Amino acid sequence: MTGFQFSISCCRFPILFLTALLGLTACGGGGGGEGTPLTGPAQISGTLAYVETECRGTAEGLFEHQSLRIRQGDREPVTVFETPEVSVPGEGFWCAVWVGGHFGDGSVAREAFQQVTVSPDGASVAFEVTDEFSVDPHLPLNLPPEKKGIFWVRADGTGVPRKLGPPSRERSFYITGGNFINGPTFDLGFSPDGGTLAFVDKGPDADGHEADQVFTIDVATGTRTQVTHLPSSVPAAGYPPDAPTMRGTVFVDDQRIKFKSTANPNDVNPKGEYLIMTIKTDGSDLQVPLPITVPLAGSQVDLQFVITGGRPLAINVEYAGHPINDPPLGGVQEIWEVFVVDEEKKALQLTNFRRIDTSAGAVDPDGEHVYFYASADPLGTNPSENCQIFSIDRTGADLRQLTNFREVDHSLTGCDFETNGLTGSRPIGCALYFTYQDPRSRTLLFYSECNPLNNMNPNGSQIFAMRP
Amino acid sequence: MLMSVFTQRVRARLAAVAAGVAAVALTASVASAGKLADVFTSGELAGLKMGPIGPALANTVASTYPVASASSGVTYVYNPKLEAFERQAGVLGPIIGERAETIGQGQINIGVSYSAVDFSTINGDSLGNLVNQPSVGGRVVSFPVPGGVTLKDGRFTTFLPVEVQANIDVQADIGTPSITYGITPDLDVNLSLPLIQTYLNVKVNETVPDPRLPQFMLRDCNPNGPADDPNTCKPNEIRPTMINHQAADRATGFGDLLLRLKYTILRDKPLDLAAGLGVSFPSGDPDNFQGTGNYQVQPALVVSKIIAERFEPLLNLGVNINADNVDRSSFHWAVGGTAAVYGPLTAAAVFLGRNEFNAQTDSVSEPFFFQINRNDYYDFSFGMRCLFAETGVISANVIVPLNRDGLRADYIPTLEAEYAFTGPWNR
């Protein structure tokens with residue numbers, strides 16, 4: 001995602017929604033199986049954690065602070081952590097800019113909250129707060145030591161957040177040309193049993209050189225463990241030199257962690273791309289789930305029956321070639337397509353849009369449907385090429401467009417959170433970011449700056465829920 | 001790339017009739033290669049993941065074998081005036097099902113039956129034409145393509161789904177010697193030990209990619225076009241393929257030993273009422289579809305009544321208790337009767353039922369062909385019995401299914417011969 005950082009004066013908007021959605025798995029519904037019938041209104045049956053950034057712009061200047069709020073089911077949200085209000089004299093105009101741009105994610109580049117995640121049982125929330133990465137613009141956060149670090153708190157708001165350890169020394173965003181903020185990179189995740197957190201931080205490789213590594217923290221004891229010892233690397237081509245080289249740590253199961261890295265251990269990633277890798281929590285068995293994306297010469301059918309595996313993952317895969325839609329206002333030119341990969345590494349490409357902003361969402365608990373978002377118009381129902389949510393059968397059939405957002409006759413930004421210049425003028429086309437699916441109600445949650453339903457969202461990015 | 005594998009199948013059908021009740025050495029099942037259930041898990045079919053079907057078939061097949069009545073067709077009562085046992089006049093007993101009357105103290109009945117079972121359907125679907133579901137929970141039966149292939153629509157994949165048509169031929173020839181002895185005037189004991197030859201033949205035709213999933217279509221290309229034509233197939237280009245596989249095996253061995261007791265509680269008050277107890281010992285090999293693999297206890301109530309020495313309605317109610325897994329027990333019942341037709345001829349017609357408490361085996365984890373469910377079996381048994389040499393009976397019977405649950409044959413014919421006589425110690 002690219003764009004200016006945004007917040008809103010006088011109104012609230014949520015950011016860091018992806019980690020909130022992880023809490024929706026925690027309602028006891030479990031994965032797999034057929035899911036519940038798709039009737040009735042969209043429901044959130046688990047825990048939703050989100051960060052509100054409140055910005056007031058006055059003649060005196062800018063006044064901003066953040067709150068971590070947790071909502072369980074249909075109960076009223078509770079505030080469990082707040083950052084001190086920061087003020088910047090004479091900078092009050094920024095609030096209007098951030099409101100106009102509808103880009104709440106951009107607060108990670110200036111504010112304290114970097115990561116939020118909810119445990120699978122919905123009973124607890126972990127978050128990361130730091131004042132080390134306030135760069136765009138720089139805010140005098142000056143957090144006291146007790147307000148910086150990785151914290152754990154009960155989702156019902158009882159008790160005081162418990163500090164598990166210091167914050168990561170790797171930022172969760174990067175800034176591309178034109179001052180566009182890309183982030184957060186969602187690097188904090190609970191294990192399925194809720195007992196361990198995985199995250200990205202800097203640590204020594206096998207030769208002692210510092211590089212981005214996967215770490216874990218035991219929630220009960222606070223014991224911190226470095227899982228990977230990958231060689232140092234640089235960001236992939238087209239990314240700024242200070243971009244993180246590792247991101248997206250998430251537990252596949254209690255024993256294995258998935259992440260993306262540009263590292264090249266054992267020559268598995270000679271191009272230095274953000275390649276999906278998995279590793280066991282004890283640091284063994286590093287695997288690369290999807291080694292190829294184009295047919296090898298002499299490829300043949302193996303006449304041994306196999307049944308495509310369970311636990312499919314929907315992932316983004318970079319493809320060679322020139323995309324048919326250019327990144328708005330500059331940016332990396334890459335083709336991204338959605339693949340579904342099972343646990344035996346059998347892979348199937350689901351999309352063939354040849355665009356820069358096609359992105360995988362989730363696999364439905366029924367194991368048969370995959371949700372993704374794109375600005376493509378494969379069905380002739382998205383002529384404005386605005387960002388939309390789609391569903392497709394896991395075998396590549398039954399493609400459906402689930403949303404119908406439209407802001408202009410032709411979107412300038414596709415699925416990128418952008419703004420047209422510093423004025424934040426709109427409309428330019430609205431973006432969305434699919435985040436999660438409640439496994440019990442099968443409700444889809446996504447984060448969007450779009451303004452559907454009779455102007456119900458004039459104030460910027462919000463979390464939306466929808467039945468698929 | 002086109003492969004065709006056809007195996008010439010030669011099948012000999014043996015008449016399995018055991019001779020008498022002389023001691024028969026118990027021999028291990030004789031299978032040409034491994035166990036019948038292994039047909040699904042080894043060789044060319046190994047990767048089809050049909051392995052779970054084997055135990056499912058074994059359990060269902062062994063539970064489906066017809067078991068001839070332990071009740072003697074001819075019964076005796078002691079005449080104190082004559083100080084001898086007299087054969088009771090009246091209808092001959094049923095072929096399938098029980099009547100309450102006992103054979104008579106010291107009397108012996110020996111018999112042998114032969115049944116031919118050729119299973120044809122499972123849950124109503126023909127075993128001769130089982131086609132896999134295109135997708136189950138988003139998963140497909142597939143062939144891997146490790147190097148990957150580009151589909152017609154330009155997408156990439158490392159597997160291709162397969163349409164599989166399976167022809168599963170399961171047959172059993174069952175010869176069952178049996179002996180019934182009257183311990184007391186009211187108590188009979190019966191011992192039956194079937195000798196079974198089972199046969200399994202699986203033929204599989206595969207089409208890849210699965211034509212039911214057009215999203216996996218491969219590029220149309222001309223295999224014989226000029227090399228510089230873009231529509232000409234590239235060397236070794238992956239193209240649609242049809243493949244045949246086959247595997248077969250047979251085995252001969254003993255089935256489950258069945259010991260049955262019957263005690264007459266009431267006579268002519270106003271009905272005849274007996275209590276029965278059967279115990280089945282797992283002497284048959286379940287992997288060759290010749291036994292259940294479980295101890296089974298079979299308590300039952302038997303009600304019957306001879307009317308005018310010509311008719312005998314009957315009702316059997318019983319439970320087949322799986323001693324190793326009670327949840328997999330079943331309820332059995334029979335209602336019908338026999339009627340003297342003409343002279344030595346008796347007709348027997350009985351409705352049979354078996355209602356399972358639960359599925360009799362573990363479910364198939366990936367039910368691309370069928371699933372193992374709890375079943376209710378309803379059958380109709382009809383036969384004719386003929387008395388000869390005063391105490392001998394020959395019978396012919398057929399069982400036909402009345403519903404489509406579970407594993408079924410179109411019909412099961414049974415031939416039986418028995419002879420009753422007084423034990424030498426009673427003369």
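A salt bridge is here a side-chain nitrogen of Lys or Arg within 4 Å of a carboxyl oxygen of Asp or Glu. By this criterion, the structure holds 32 salt bridges over all chains. The model is predicted, so that local features need pLDDT of at least 70 and side-chain atom pairs count only at pLDDT 80 or more, while totals for chains, interfaces and linings use all residues. Residues are numbered from 1 along each chain as its sequence is written, chains are lettered from A and ligands numbered from 1 in the order in which they are written, and side-chain values use heavy atoms, with hydrogens and water left out.

Secondary structure was assigned from DSSP runs numbered from the N terminus, with helices (H or I) of at least four residues and strands (E) of at least two. Chain A contains 3 helices and 30 strands, and chain B contains 1 helix and 22 strands. Burial was judged by relative accessible area (buried under 20%, exposed over 50%, partly exposed in between; 1.4 Å probe, protein chains only). Of the 468 residues in chain A, 60% are buried; of the 427 residues of chain B, 50% are buried.

Accessible areas come from the Shrake-Rupley method with a 1.4 Å probe, and for residues only the protein chains shown count as cover. Chain A exposes about 17,500 Å², and carbon and sulfur atoms supply 51% of this area. For chain B the accessible surface is about 18,700 Å², with 60% belonging to carbon and sulfur atoms. A contact requires heavy atoms within 4.5 Å. Among contacts between residues at least 6 apart in sequence, 57% in chain A join residues at least 24 apart; the corresponding value in chain B is 68%.

In soluble globular proteins, nonpolar side chains tend to be buried together. A nonpolar core is defined as a set of buried Ala, Val, Leu, Ile, Met, Phe, Trp, Tyr and Cys residues joined through side-chain atoms within 4.5 Å. The largest such core has 71 residues, and those with the most contacts inside it are B:Leu130, B:Leu160, B:Ile168, B:Leu200 and B:Val202. Strand β9 of chain B (residues 163–184) gives the most to this core, with 6 residues. Apart from this core lies another, of 27 residues, which includes A:Ala49, A:Val51, A:Val86 and A:Val153.

When neighbours within four places in sequence are left aside, the contacts of B:Leu160 include A:Val301 as well as B:Val141, B:Phe143, B:Leu151, B:Phe216 and B:Ile238. B:Thr207 lies in strand β11 of chain B (residues 195–208) and counts as buried because its relative accessibility is 18%. Residues up to four places away in sequence not being counted, B:Thr207 touches B:Pro161, B:Val162, B:Glu163, B:Thr241 and B:Met242.

Side chains of opposite charge can pair when their charged atoms come close. In the salt bridge between A:Lys148 and A:Asp131, the closest N and O atoms are 3.6 Å apart. Both residues belong to the loop between β8 (124–129) and β9 (149–154) of chain A, and they are 17 residues apart. A:Asp131 is buried, with a relative accessible area of 16%.

A second pair is formed by A:Glu210 and A:Arg169, whose closest N and O atoms are 3.0 Å apart. A:Glu210 is partly exposed at 46% relative accessible area, and A:Arg169 is partly exposed at 45%.

The side chains of A:Arg256 and A:Asp285 also meet in a salt bridge (2.3 Å, N to O). A:Arg256 is located in strand β18 (residues 256–261) and A:Asp285 in the loop between β19 (275–280) and β20 (306–307) of chain A, so the pair connects parts 29 residues apart in sequence. A:Arg256 is buried, with a relative accessible area of 13%, whereas A:Asp285 is partly exposed at 34%.

Strands were taken as paired if DSSP finds at least two bridges between them. An open sheet of 4 strands in chain A has the order β24-β25-β26-β27, with antiparallel pairing. Strands β24 (359–363) and β27 (400–401) stand at the edges; each has a single partner strand, so one side of each is left without a neighbour in the sheet. Strand β24 is joined by 4 bridges to the antiparallel strand β25 (residues 369–374) of chain A, where A:Val370 stands opposite A:Val363.
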